[in-house]
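Hi there,

Here is the structure I promised to pass on to you. Have a look at it first, and then read my notes below.

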Amino acid sequence: MKSFWYIIKFFFHRKEELYLSLKNILGFYPHHIEYYKLALTHKSQGERDKNGKVINNERLEYLGDAIIEAVVSDILYKKYTHAYEGFLTTTRSKIVQRSSLNILSSKLGLDKLVQYTRYSESHHSYIGGNAFEALVGAIYLDQGYGRSMWFIKRLMDKGFIRPDIAAKKEQNFKSVLLEFCQKNKLEMNFETKEIPNADNPSDPSFFTLALVEDKVIGKGKGFSKKESQQRAANKSMELLRHAPELRKALERRKYTRLAITDVLHDYPLFKKFSQEMDD
């Protein structure tokens with residue numbers, strides 16, 4: 001009987017401990033703790049429900065990602081009232097990127113609450129950042145969009161998220177796009193043309209097309225060649241991140257290009273072989 005009460009006491013202690021840990025991070029008590037437990041369950045745990053369905057935080061991560069982007073977009077739009085769209089997009093990208101959220105998760109101590117295997121830790125460096133996205137997804141399901149915005153604003157007020165610092169950091173979108181294409185073995189290039197200024201011939205603007213596998217995926221205009229290419233690359237990465245069908249289409253183009261290249265490469269050998277057969 002003693003062991004039974006010990007188990008009950010241990011269970012409530014652990015539950016209370018999770019509530020308090022989440023209260024310190026969130027600034028409020030959860031209504032439905034199940035959402036938050038799910039947000040803290042990494043797929044490496046291999047958890048399944050009674051029907052055999054896999055249980056992990058990936059769906060909440062997807063939801064939280066969308067909520068974070070919407071909230072940060074709203075905040076930046078109101079904070080920087082005269083900023084152009086490219087600046088807002090760049091600043092938002094630096095705030096919501098996985099590496100930034102990973103650091104944020106560590107500062108909050110959220111990474112210590114995530115349930116995962118040690119093996120997965122060494123093979124996936126963004127467990128904390130993904131858990132933060134899932135946490136915001138849990139907040140949205142538990143208490144709505146307004147509470148999600150309140151939570152992120154609170155992190156900004158406490159200095160955990162610094163839009164002002166993110167706005168000052170220059171991100172090289174051209175390098176990011178090049179790295180993405182190299183990693184996926186995609187051909188890419190920029191086509192930039194100068195646009196004359198009738199009012200001031202010495203002050204032209206520039207227009208750039210970013211092409212991947214000969215398909216235009218980003219356009220950018222700027223007062224320098226570099227600025228127009230950066231904007232085209234930024235647009236390209238935004239599209240590539242959120243358009244899986246485009247990525248599949250580019251993969252198909254790549255395989256077609258490689259197939260044609262192989263045929264052309266082997267053509268002289270094929271022609272010689274055919275001539276020998278005719279003789």
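**What I found**

Arg147 lies over the face of Trp150, with 4.9 Å to the ring centre. Arg147 also lies over the face of Phe28, at 4.4 Å from the ring centre. A charge counts as sitting over a ring if NZ of Lys or CZ of Arg is within 6 Å of the ring centre and within 35 degrees of the ring normal.

Before going on, please keep in mind that this is a predicted model, in which local features need pLDDT of at least 70 and side-chain atom pairs count only at pLDDT 80 or more, while totals for chains, interfaces and linings use all residues. Residues are numbered from 1 along each chain as its sequence is written, and side-chain values use heavy atoms, with hydrogens and water left out.

**The overall picture**

The chain has twelve helices and three strands; these are DSSP runs (helices: H or I, at least four residues; strands: E, at least two), numbered from the N terminus. Of the 279 residues in the chain, 37% are buried. Here buried means under 20% relative accessible area, exposed means over 50%, and partly exposed is in between (1.4 Å probe, protein chains only).

**The cores**

Which residues have the most contacts inside the largest nonpolar core? They are Tyr36, Phe132, Leu135 and Phe151, in a core of 42 residues. At least two residues of this core come from each of H1 (2-26), H2 (33-39), H3 (58-79), H4 (85-96), H5 (98-108), H7 (127-143) and H8 (145-157). H7 gives the most, with eight residues. A nonpolar core is a set of buried Ala, Val, Leu, Ile, Met, Phe, Trp, Tyr and Cys residues joined through side-chain atoms within 4.5 Å.

Leaving out residues up to four places away in sequence, Leu135 touches Leu22, Ile25, Leu26, Tyr36, Ala39, Leu110 and Phe151. Contact means heavy atoms within 4.5 Å. Another core, of 16 residues, lies apart from the largest one and includes Leu177, Leu186, Ala232 and Leu250.

Glu61 is found in helix H3, and Glu61 counts as buried because its relative accessible area is 14%. Beyond its neighbours within four places in sequence, Glu61 is in contact with Arg98, Asn130, Glu133 and Ala134.

Gly64 lies in helix H3 too. Its relative accessible area is 0%, so Gly64 is buried. Not counting residues up to four places away in sequence, Gly64 touches Glu133, Val136 and Gly137. Gly64 and Leu141 are 77 residues apart in sequence, and their C-alpha atoms are 9.7 Å apart in space.

**Two loop residues**

Lys185 is not a glycine, yet has a positive phi of about 55°. Lys185 lies in the loop between H10 and strand S1 (188-195). Is Lys185 buried or exposed? Lys185 counts as exposed because its relative accessibility is 62%.

Glu213 has a positive phi of about 55° as well, although Glu213 is not a glycine. The loop between strand S2 (205-212) and strand S3 (215-222) holds Glu213. At 6% relative accessibility, Glu213 counts as buried.

Enjoy exploring the model!

Best wishes
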